[in-house]
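Welcome, and thanks for taking a look at this model with us. Please have the sequence and the coordinates open as you read.

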Amino acid sequence: MSTPTPPALEDGLRNSLIRKQLVQAVYAADYSAAAIAAPFDEGTGALAAIPAGYVAIGYTTDDGLTFTTDLSMSDVTSSQSVEPTRSDIESEVLTGQYVPQETNPAAVSLYKGLPLTGAGALPVLGEPWSMERPAFPRSPYYRLLFIGLDFGDAGGEIYIVKHYPKARVTSKDDQQWARSTETQWPVTVQAYRDPVIGTAEREWVDGPGWRALAE
């Protein structure tokens, strides 16, 4: 009987597939804006133009963007087994967290629960701003677009794009006024299922550098 050849464990290792998001960007739009359907050029994989209505959040802290999935399972247990004999997803909550460093209309509007355009929106930079806390604070829905950029070994762009077609701010961290740190507008946003699109999250991976990995 011949001795089987042991597997070469290094054959499955490819450091070219280790990704980082070297640059991150966050864009927000009112819920009335169009959802993101095709963020890339079909022919080249290049990133398409950001649709009208989406505004940049700007600089964020070097903690970057944090995405959390809170998964809750419902287990069935049986006397004949020490493990669950059935498990089902009871809930799955998707959230994104980031800390804007710019005092601009987009960052402040999400922190304050204001629309980005139209009645009640903040004026442009340089014009006087006036904000009052209502007796019953609002929590409007937005559309959020997150873009991460990496580069392949040959220098081509590799993008990971995440889209929350229906999201709202569900948590705000403390804001500190001090000489030692910039004024921040930290928020946590939660994704909800969009009734028209039928999903709470869309995600894509593409770019010229990604397509260069094809064998």
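The report below covers strand pairing, nonpolar cores, salt bridges and one surface patch.

This is a predicted model, in which local features need pLDDT of at least 70 and side-chain atom pairs count only at pLDDT 80 or more, while totals for chains, interfaces and linings use all residues. Residues are numbered from 1 along each chain as its sequence is written, and side-chain values use heavy atoms, with hydrogens and water left out.

Let us begin with the strands. Helices (H or I, at least four residues) and strands (E, at least two) are DSSP runs numbered from the N terminus, and two strands pair if DSSP finds at least two bridges between them.

| Strand pair | Sense | Bridges |
|---|---|---|
| β5 and β6 | antiparallel | nine bridges |
| β6 and β8 | antiparallel | five bridges |
| β6 and β7 | antiparallel | five bridges |

To find these pairings on your screen, look for Leu 149, which stands opposite Tyr 159 in β6. Ile 160 faces Val 205 in β8, and Ala 167 has Ala 191 in β7 as its bridge partner. The hairpin of β5 and β6 has five residues between the strands, and Gly 155 there takes a positive phi near 95 degrees.

Next comes the interior. A nonpolar core is a set of buried Ala, Val, Leu, Ile, Met, Phe, Trp, Tyr and Cys residues joined through side-chain atoms within 4.5 Å; buried means under 20% relative accessible area, exposed over 50%, and partly exposed in between (1.4 Å probe, protein chains only). The largest core has 24 residues, and the members that touch the most others are Ile 57, Tyr 98, Leu 110, Leu 144, Phe 146, Tyr 164 and Val 189. At least two residues of this core come from each of β1, β4 (86-98), α1 (105-112), β5, β6 and β7. The largest share, five residues, is supplied by α1. Leaving aside neighbours within four places in sequence, Ile 57 is in contact (heavy atoms within 4.5 Å) with residues including Val 26, Ala 28, Tyr 98 and Pro 100.

Now for the charged pairs. Six salt bridges turn up in a search of the whole structure, each being a side-chain nitrogen of Lys or Arg within 4 Å of a carboxyl oxygen of Asp or Glu. In one of them, Asp 194 meets Arg 143, with the closest N and O atoms 3.3 Å apart. Asp 194 lies in the loop between β7 (187-191) and β8 (202-206) and Arg 143 in strand β5 (residues 142-151), so this pair ties together parts that are 51 residues apart in sequence. Asp 194 is buried at 2% relative accessibility, and Arg 143 is buried at 9%.

Lys 162 takes part in a salt bridge with Glu 201, at 3.0 Å between the closest N and O atoms. The side chain of Lys 162 also meets that of Glu 203 in a salt bridge (3.0 Å, N to O). Lys 162 lies in strand β6 and Glu 203 in strand β8, so the pair ties together parts that are 41 residues apart in sequence. Through shared partners, Lys 162, Glu 201 and Glu 203 are joined into one network. Lys 162 is buried, with a relative accessible area of 11%, whereas Glu 203 is partly exposed at 44%.

Finally, the surface. Leu 22, Val 23 and Phe 151 form a nonpolar patch with about 270 Å² of accessible area together. Patches are made of residues with over 30% relative accessible area and no salt bridge, like charges being joined within 9 Å and nonpolar side chains (Val, Leu, Ile, Met, Phe, Trp, Tyr) within 5 Å. Accessible areas come from the Shrake-Rupley method with a 1.4 Å probe, and for residues only the protein chains shown count as cover. Leu 22 sits in the segment before β1 (23-30) and is partly exposed, with a relative accessible area of 49%.
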